[in-house]
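Please look through the structure below with this briefing beside it. The notes that follow are grouped by topic.

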Amino acid sequence: MKNIAVLGATGSIGASALDVVARHPDRFRASVLTAHRNVDALVALCARFRPQLAIIADPAFESALRRGLTQAGLSTRAAAGTDALRAAASGDCDIVIAAIVGAAGLESTLAAARAGKRLLLANKEAVVMAGALLLDAVRNGGGELIPIDSEHNAIFQCLPHGPGAADVECLPNPHRNLDQAGVRRILLTASGGPFRGKHRNDLAAITPDQACAHPNWVMGRKISVDSATLMNKGLEVIEAHWLFGARADQIEVVVHPQSIVHSLVEYADGSVLAQLGNPDMRTALAHALAWPERIESGVAALDLLKLGQLNFEAPDRETFRCLDLAYCALAAGGTAPAILNAANEVAVAAFLDGTLPFLAIAELIEATLAAMPAEPADTLEGLIYTDLTARQHAQRIMRRSFC
Ligand code: NAD
Ligand code: MG
C-alpha cells in the first residue's frame with residue numbers, strides 16, 4: 001500500500017489524481033490532501049478519502065478547516081501554512097503529487113525531492129524557476145521524478161529505459177545525455193489553444209472566459225490562459241530542457257490540434273517514437289503512480305478510426321510571442337526563466353482580473369525580462385528573491401504602461 005500526498009488536491013490535476021487513486025484502493029491511499037483556501041472542497045475530499053492530514057495553505061482558514069473536519073465527524077488532522085506543506089511533502093508518505101499551481105508550489109516540490117519521494121511533477125513552474133536545484137535535490141535525495149505534464153510524460157515513455165539505459169533514463173538519474181542515447185530531437189506537441197489560426201487583430205478584446213475555453217483539455221484557469229498565449233508551451237520547452245537534458249535546439253514545438261499525440265522522440269536512425277492517447281490527465285497520472293507497472297486509469301480507449309486523421313502545423317510565433325520569450329529566457333539562463341515565470345504569473349492574474357488586455361501579457365513579460373538581467377540561479381533563497389523582485393517590477397511596469 002502506497003501513501004500518497006496530493007498537494008493541490010482541490011484542483012484539476014488533484015481531481016484526476018484522486019479519481020485514479022479511488023480506482024485502486026488495494027494499492028493507493030490518499031494520506032495527505034491540501035488546498036489553498038477552499039475549505040469546503042477540502043473537507044468534502046476528506047470525507048471521501050479519509051486522509052490522515054488536511055492542510056490549508058492560507059493560515060487564515062485554519063480554524064474553518066478544523067471546524068469543518070469536526071462537523072463532518074472526521075479524525076483527519078488539520079494544519080496550515082507553507083511550513084506544513086513542506087513538512088507533509090517530506091513526511092511519511094511514499095508518493096507526492098505536486099499539483100499546486102505556480103511558484104507557490106516550489107518549496108513543497110523541492111522538499112519532496114530532497115526527501116527522496118517518488119515525485120509526480122505537475123507543478124511545471126517549479127522546474128522552470130529552479131530546474132538545476134530541483135534535479136540536484138532528486139539526485140541527492142535518492143528518489144524519483146516522473147513527469148505528469150502530458151508531453152513530458154509522453155517523452156518519458158518514449159525514451160529508453162531498463163538495464164544499460166540508466167544514464168539516459170528520465171529518472172531516477174536526471175543527468176542523462178540524449179546524444180549518447182541516440183536521440184536527435186524531442187518534438188513537443190501543442191494544441192495551439194483556443195485561438196489557433198487567429199491573428200493579432202482578432203485578439204485585442206479577448207475575455208478571460210474565451211481564453212479559458214480550451215478546445216481539448218479541461219484545466220485550471222492559469223494554465224488555460226498559458227495555453228491560449230502559448231506560454232504553456234514555452235514553459236514546457238524549459239521543463240523539457242531540465243527533465244531530459246535537452247538543448248534548446250533539440251526541442252521543437254509542433255502544433256497538433258487534436259491533442260492525441262502527446263509528444264515524440266526522434267532517434268538518430270530516423271525512428272520517431274510517439275505516445276498517443278485521449279486528452280485526459282488520468283493516463284499520465286496512472287502511468288506515474290504505478291510505473292513501471294501499468295494500471296487502469298478510467299480513460300476511454302483511443303478510437304483511431306473515429307478520429308480519422310491527425311494534423312500537424314508550425315506554431316504562429318508572431319501572434320503568440322510568449323513561445324519565443326521562453327526560448328530567449330532559456331538561452332539567457334540563470335534566473336531568466338524564474339523572471340519569465342514571475343512576470344507571466346502577474347500578467348495572467350491581471351488578465352483574469354480584467355485589468356490587463358490579452359495581447360499585453362507578452363509585452364509585460366518582455367519588459368520585465370528587459371528590466372532584470374539574468375544572474376546565477378544557485379540558491380533557493382536567491383530564486384525566491386528573484387521571484388519577488390520580478391513580481392514587483394512587473395506590477396510597476398503594468399501600472400505605468402498597461403493599465
Ligand atoms: P488548478 O487551479 O485547478 O488547481 C491548483 C491547486 O493548487 C488547487 O488545489 C489550489 O487550491 C492549489 N493552490 C493554488 N494556489 C495555491 C497557493 N498559493 N498555495 C497552495 N496551494 C495553492 O490548477 P491545475 O490545472 O490543477 O494545475 C496544477 C499544476 O499542474 C499547474 O502547475 C499546471 O501547470 C500543471 N498542469 C496541469 C494540467 C491540467 O490538465 N490541469 C496539465 C499539465 C500540467
Ligand atoms: Mg502540457
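The buried residues of helix α5 are Leu-106, Ser-108, Thr-109, Leu-110, Ala-111, Ala-112 and Ala-113, where buried means under 20% relative accessible area, exposed means over 50%, and partly exposed lies in between, with a 1.4 Å probe and protein chains only. Because 7 of the 9 residues of α5 (residues 106–114) are buried, this helix is largely enclosed by the rest of the structure. This is a predicted model, in which local features need pLDDT of at least 70 and side-chain atom pairs count only at pLDDT 80 or more, while totals for chains, interfaces and linings use all residues. Residues are numbered from 1 along each chain as its sequence is written, chains are lettered from A and ligands numbered from 1 in the order in which they are written, and side-chain values use heavy atoms, with hydrogens and water left out.

**Around helix α5**

- The buried residues of α5 pack against β1 (2–7), α4 (82–90), β5 (95–98), β6 (118–121), α6 (124–141) and α16 (380–402); helices (H or I, at least four residues) and strands (E, at least two) are DSSP runs, numbered from the N terminus.
- After α5 comes Gly-116, which has a positive phi near 75°.

**Domains 2 and 3**

- An automatic or database domain assignment gives the bounds, and the chain is divided into domain 1 (2–148), domain 2 (150–329) and domain 3 (333–403).
- In domain 2, 23 residues are in contact with 18 residues of domain 3, contact meaning heavy atoms within 4.5 Å.
- About 1,800 Å² is buried between domain 2 and domain 3, and carbon and sulfur atoms give 75% of that area; buried area is the accessible area (1.4 Å probe) that two parts lose on being put together, summed over both.
- On the side of domain 2, Arg-321, Leu-325 and Ala-329 lose the most area to domain 3, together 28% of what that side buries.
- There are 2 salt bridges between domain 2 and domain 3, a salt bridge being a side-chain nitrogen of Lys or Arg within 4 Å of a carboxyl oxygen of Asp or Glu.
- The side chains of Arg-321 and Glu-366 form a salt bridge, at 2.6 Å from N to O.

**Ser-224 in helix α9**

- Ser-224 lies in helix α9 and counts as buried, at 1% relative accessibility.
- A polar atom of the Ser-224 side chain lies 2.7 Å from the backbone oxygen of Gly-220.
- Leaving out residues up to four places away in sequence, Ser-224 touches Ala-211, Cys-212 and Met-219.

**Salt bridges elsewhere**

- A search of the whole structure finds 28 salt bridges.
- Glu-62 and Arg-66 form a salt bridge whose closest N and O atoms are 2.5 Å apart, and both residues lie in helix α3 (residues 62–71), 4 residues apart, about one turn of the helix.
- Glu-62 is partly exposed, with a relative accessible area of 24%, and Arg-66 is partly exposed as well, at 41%.
- Arg-86 and Asp-83 meet through their side chains in a salt bridge of 2.4 Å, N to O, with Arg-86 partly exposed at 29% relative accessible area and Asp-83 exposed at 53%.
- Lys-233 forms a salt bridge with Glu-151, the closest N and O atoms being 2.8 Å apart; this pair links distant parts of the chain, with Lys-233 in helix α10 and Glu-151 in helix α7 (residues 150–158), 82 residues apart.
- Lys-233 counts as buried at 4% relative accessibility, and Glu-151 is buried with a relative accessible area of 8%.
- Lys-124, Asp-149, Glu-151, Lys-233 and Glu-236 are joined into one network by salt bridges that share partners.

Methods: A polar contact is a pair of N or O atoms within 3.5 Å; within protein, one must be able to donate a hydrogen and the other to accept it, and residues adjacent in sequence count only if both atoms are side-chain atoms.
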